[in-house]
Amino acid sequence: MSTVRLTVGQAVVRFLVNQYTERDGIERRLIAGAFGIFGHGNVAGVGQALLQNDLDPTPEGGRMRYIMPRNEQGMVHAAAAYAKTTNRLSTWMCTSSIGPGSLNMVTGAALATTNRLPVLLFPSDQFATRFPDPVLQQVEDPVSPMTAATDCFRPVSRFFDRIERPEQLIPSLLAGLRVLTDPVDTGAVTIALPQDVQAESYDFPVEFFARRVWHVRRPPAETAAIERAAAIIRDARRPLVVAGGGVIYAEASTQLRAFADATGIPVSDTQAGKGAINHDHPAAVGGVGSTGAASANALAETADVVIGIGTRYSDFTTASHTQFKNPDVKFVNINVAAFDAAKHSAEMVVGDARESLDALTAALDGYRVGDDYTERIAELKADWAKATHECYHRDQTPLPAQTEVFGALNELMGDRDVVINAAGSMPGDLQCLWQAPTPEQYHVEYAFSCMGYEIPAAMGVKLARPEAEVVSIVGDGTYQMLPMELATIVQEKVKVIFVLLQNYGFASIGALSESHGSQRFGTRYRTGETPHNADGDLLPVDIAANAESWGLKVLRVHGMDEFRKAYAEAVACEGPVMIHIETDLYGPNPPGSSWWDVPISEVSRLESTQQARTWYEGKKTDQRHYLR
């Protein structure tokens with residue numbers, strides 16, 4: 001067997017540049033590039049390997065693109081956003097130094113795993129030899145010297161390993177990439193690399209570095225499962241589809257539209273599934289659940305069969321198990337993962353969404369919902385379209401509601417441009433109101449709902465979709481969490497548009513606090529001795545100036561007329577730009593039509609909390625497990 005002597009770091013890079021995915025006959029690089037922040041754990045290991053690859057590309061796979069980010073959490077968010085945009089067929093690797101550098105990636109790993117998005121992480125680790133023990137930034141465990149800080153990755157990774165001998169790298173990388181490319185198991189793959197092992201050499205088999213194609217499965221559902229599902233749906237008078245992210249990742253939107261065309265069954269969507277069916281389709285009824293549209297939620301309340309396609313049924317989708325109120329409701333779940341297909345005592349259809357929809361549509365040949373249900377769908381759609389228009393065009397002064405900004409963007413952006421958001425009150429308003437014409441346009445991370453995602457995510461999305469206008473909506477609270485990748489975006493000349501909504505507080509948690517008896521405590525920016533549940537002087541922090549200091553062009557606007565003009569100017573800009581607009585902290589937000597379980601103190605001396613608890617106990621009575 002022919003061998004080549006390489007360090008572990010060099011072997012990692014040489015292996016990864018020659019890994020590909022294939023689905024439907026299309027191949028692409030699995031690891032599109034490397035994000036890395038270097039310290040004493042990896043600067044002379046993986047860092048040296050990336051330098052060598054850049055100066056002298058490997059003969060098998062060529063050069064791996066490298067980008068220098070500013071924050072370890074941010075670079076993992078960027079990799080996850082890239083993976084989401086490519087429907088999980090490609091991602092980036094991330095390397096960090098020992099100690100705090102590595103642990104900064106844990107939040108990003110959790111986000112990727114919760115969202116079922118592939119990211120490949122190489123945190124550095126303490127010395128395997130233990131000669132310089134304890135090394136700088138090592139966390140010591142007096143019970144077991146095997147315990148390391150990187151063990152924190154175990155519960156938030158779908159695959160975890162620590163390489164303590166060079167030859168362990170071969171089975172570990174192969175096993176890790178199997179997880180990355182598995183539509184069921186995918187998430188964060190973490191391979192910890194002790195800093196001495198990174199620089200240690202070994203005679204690796206040349207065959208290990210040969211071009212390898214990972215074929216992404218489209219498993220068909222069992223015929224018997226399709227037949228059982230079809231039988232349940234045929235008996236339904238008020239069925240409802242809940243389309244999740246799995247529809248988009250499987251690129252099954254055409255099949256979903258065909259299913260809706262043939263059966264007339266209305267299609268609601270989750271945050272991850274918005275755009276799976278175009279908003280103007282007669283069967284598209286909008287977001288469902290706690291932050292859903294009244295049109296979808298009204299249908300969900302009376303649905304006798306709920307057909308979940310590619311959804312994991314988060315508490316927002318089910319309104320904490322209160323949304324589907326029909327006492328006889330049944331569930332049919334189509335999912336590539338049996339874990340999700342089994343939820344709510346469902347009839348399980350385990351298979352790829354595209355293949356399963358084709359089969360189910362054929363099995364339901366001749367079935368169509370009644371005319372009265374079709375008329376009800378059209379009526380609810382029309383009512384909600386009117387409510388959406390009112391939220392988008394409030395003409396509110398002196399400060400616009402954030403829904404007016406969303407309305408302007410919804411009207412101004414192209415069908416295949418991308419809007420990004422993740423946390424605060426904005427995802428709720430967006431799911432409730434946004435009218436997505438394509439699966440590509442709506443990019444909201446709401447499984448982990450991580451504040452700080454929006455800025456690095458914009459970079460990841462633009463790297464994956466350079467032809468699109470990428471618009472990231474950022475709240476002032478989120479901006480203060482993780483703005484550092486703005487420097488990377490400027491450095492790499494990544495053209496994105498940031499829309500910064502400045503309302504001098506935490507709008508989402510403030511409203512939640514107030515409605516749950518806690519009087520917006522700790523959610524408004526205040527100065528001096530002002531109580532934490534009261535307004536104070538505006539905080540003298542100039543986010544627009546701060547963004548300019550990172551190198552962005554900033555357009556300061558007041559009101560919606562100026563905003564629309566600024567958006568046109570931003571589109572014409574060659575580099576990254578931010579539109580800064582002040583909005584009203586107090587909304588108003590879209591009309592609510594559902595509930596979310598946020599426990600309220602059972603006893604309290606505060607009258608506001610007592611009243612909220614009484615309201616909460618009333619809402620809890622609708623909660624139930626779905627067991628039919």
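These legends describe close-up views of a predicted model.

**View 1. Helix α1 packs against helix α6.**
Two packed helices are described by the angle between their axes and the distance between the axes. Helix α1 covers residues 8-16, and helix α6 covers residues 169-180. Their axes come within 11 Å. The crossing angle is roughly 35°, and the crossing is right-handed. On the α1 side, the contact is made by Val8, Ala11, Val12, Phe15 and Leu16. On the α6 side, the partners are Leu169, Leu173, Leu174 and Leu177. What kinds of residue make up the contact of α1 with α6, nonpolar, polar or charged? The contact has 9 nonpolar residues, no polar ones and no charged ones.

**View 2. The span of residues 58-131 carries a UniProt domain annotation.**
An unreviewed UniProt entry places the feature "domain: Thiamine pyrophosphate enzyme N-terminal TPP-binding" here. The span is 36% helix and 22% strand. Its end C-alpha atoms lie 33 Å apart.

**View 3. The span of residues 226-360 carries a UniProt domain annotation.**
The feature "domain: Thiamine pyrophosphate enzyme central" is placed here by an unreviewed UniProt entry.

**View 4. The largest cavity has a volume of about 670 Å³.**
Rolling a probe the size of a water molecule over the atoms shows where empty space is left. The model has 3 cavities of 30 Å³ or more. The largest cavity is lined by 47 residues. Which residues lie nearest its centre? They are Arg116, Gly245, Gly246, Tyr249 and Gly310. Elements that give two or more residues to this lining are α9, α12 (315-318) and β16 (330-335). Helix α9 gives the largest share, 4 residues. The lining of the largest cavity divides into 19 nonpolar, 18 polar and 10 charged residues.

**View 5. Gly246 sits in helix α9.**
Gly246 is among the residues nearest the centre of the largest cavity. Which residues does Gly246 contact, leaving aside its neighbours within four places in sequence? The contacts are Gly310 and Ala353. Gly310 is also one of the residues nearest the centre of the largest cavity. Lys565 is 319 residues away from Gly246 along the chain. The C-alpha atoms of Gly246 and Lys565 are separated by 37 Å.

**View 6. The second largest cavity holds about 50 Å³ of space.**
Its lining includes Ile98, Gly99 and Ser102. Ser124, Asp125 and Gln126 are also among the lining residues.

**View 7**
How many residues line the second largest pocket? The lining has 23 residues. Thr85, Asn87, Ile248, Pro439 and Glu440 lie nearest the pocket centre. At least two lining residues come from each of α3 (72-85), α9 (245-249), β19 (442-444) and α18 (454-464). The lining of this pocket divides into 11 nonpolar, 6 polar and 6 charged residues. Helix α9 also gives residues to the lining of the largest cavity.

**View 8. A cis peptide bond runs from Asp133 to Pro134.**
Omega is near 5° at this bond. Where does Pro134 lie? Pro134 is in the loop between β7 (119-125) and β8 (159-162).

**View 9. Thr397 and Pro398 are joined by a cis peptide bond.**
Here omega is about 0°. Pro398 lies in the loop between α15 (371-392) and α16 (402-412).

**View 10. Ser320 has a positive phi.**
The phi angle of Ser320 is about 55°, although Ser320 is not a glycine. Ser320 is found in the loop between α12 and β16. Both α12 and β16 give two or more residues to the lining of the largest cavity.

Definitions and conventions. Residues are numbered from 1 along each chain as its sequence is written. This is a predicted model: local features need pLDDT of at least 70, side-chain atom pairs count only at pLDDT 80 or more; totals for chains, interfaces and linings use all residues. Side-chain values use heavy atoms; hydrogens and water are left out. UniProt positions are given in the numbering used here, feature names are shortened, and annotations may be inferred rather than shown by experiment. Axes are lines fitted to C-alpha atoms, for helices over the stretch in contact, and angles run from 0 to 180 degrees between N-to-C directions. A crossing is left-handed if the near helix is turned anticlockwise from the far one by less than a right angle, and right-handed if clockwise. Contact means heavy atoms within 4.5 Å. Ala, Val, Leu, Ile, Met, Phe, Trp, Tyr, Cys and Pro count as nonpolar, Asp, Glu, Lys and Arg as charged, and the others, Gly among them, as polar. On a 1 Å grid over the protein atoms alone, a cavity is a set of points where a 1.4 Å probe fits but cannot get out, and a pocket is an open set with protein on both sides within 12 Å along at least five of seven lines; lining residues have an atom within 4 Å of a point. Grid points are joined across faces, edges and corners, and a volume is the space filled by probe spheres set on the points.
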